[in-house]
Amino acid sequence: MRVLVIEDDQETAETLALGLRQAGLAVDVALDGQAGLERALASDYDVIVLDRDLPRVHGDEVCGTLVTARCRARVLMLTAAAETADLVEGLGLGADDYLGKPFDFAELVARIGALFRRAQPAIPPVLRRGDLVVDTARRSAWRAGRPLDLAPKEFGVLEVLLAASGRAVSAEELLERVWDENADPFTAAVKITVSRVRAKLGDPPLIDMVARSGYRIGEQP
């Protein structure tokens, strides 16, 4: 899952980004409304965490512009005000969810996960293929009842491949969906991570390499 945090307080933004990355998400940060809007329109994000009171371009205008542009990302608006009127106004602008500051970080992560699942039609929170089970809400996976000890990027790769329902996923798409904008497009990170996931899944092999297309979760024999 790829998330954009638009927050003008640098310390808060960095704290949110660090926590979300530790939760296994790919996170980019923008420190004002103009920069956030430019990134949101230029890249494919799943969820945008948008502070309402932003410099240069106000969060309300950012949200309205994203809606007008038919940006597919879900918007979670943050604000220091948590009154009902503010909630109604924020949602009326097109935000998908609204969270008042201060908030519990676990709640933020849960709400981001819920928005991501809403944005993915027909993809349940628990993904299955044969004896492989991936619980996207709990960030846990099992094969044949055996828990898999997956690092965050490994889990992200497995999640994207399984959600593709047999479609081949390119290395470029995996880099876009699982890593963030700082990832080197020429890195071998995807190849190495897929290799590690293959090893942890064990036999019979589940991840197939498709020539000139990428990787996919194949059918189990």
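Begin with helix H1, residues 10–22: its 13 residues at 1.5 Å each should span 18 Å, and the C-alpha atoms at its ends are 18 Å apart, so the two agree. (The expected span is 1.5 Å times one less than the number of residues; helices, H or I of at least four residues, and strands, E of at least two, are DSSP runs numbered from the N terminus.)

A word on ground rules. This is a predicted model, where local features need pLDDT of at least 70 and side-chain atom pairs count only at pLDDT 80 or more, while totals for chains, interfaces and linings use all residues. Residues are numbered from 1 along each chain as its sequence is written, and side-chain values use heavy atoms, with hydrogens and water left out.

Still on H1, colour its buried residues: Ala13, Leu16, Ala17, Gly19 and Leu20. Buried means under 20% relative accessible area, exposed over 50%, and partly exposed in between, using a 1.4 Å probe and protein chains only. After the helix comes Gly24, with a positive phi near 95 degrees.

Next, select Val3 in strand S1 (residues 2–6). Val3 has a relative accessible area of 0%, so it counts as buried. Show what it touches (contact means heavy atoms within 4.5 Å): beyond four places in sequence, the list includes Leu20, Leu25, Tyr45, Val49 and Ile112. Draw a C-alpha to C-alpha distance from Val3 to Arg21 as well: 9.6 Å, for a separation of 18 residues in sequence.

Now jump to Asp51, in strand S3 (residues 47–51). Is Asp51 buried or exposed? At 4% relative accessibility, it counts as buried. Its side chain makes a polar contact with the side chain of Lys101 at 2.9 Å. (That is a pair of N or O atoms within 3.5 Å; within protein, one must be able to donate a hydrogen and the other to accept it, and residues adjacent in sequence count only if both atoms are side-chain atoms.) Ignoring neighbours within four places in sequence, Asp51 is also in contact with residues including Ile6, Asp8, Gly59 and Leu78.

Finally, zoom out. The chain has eight helices and 11 strands, and 44% of its 221 residues are buried. Of the contacts between residues at least 6 apart in sequence, 57% join residues at least 24 apart.
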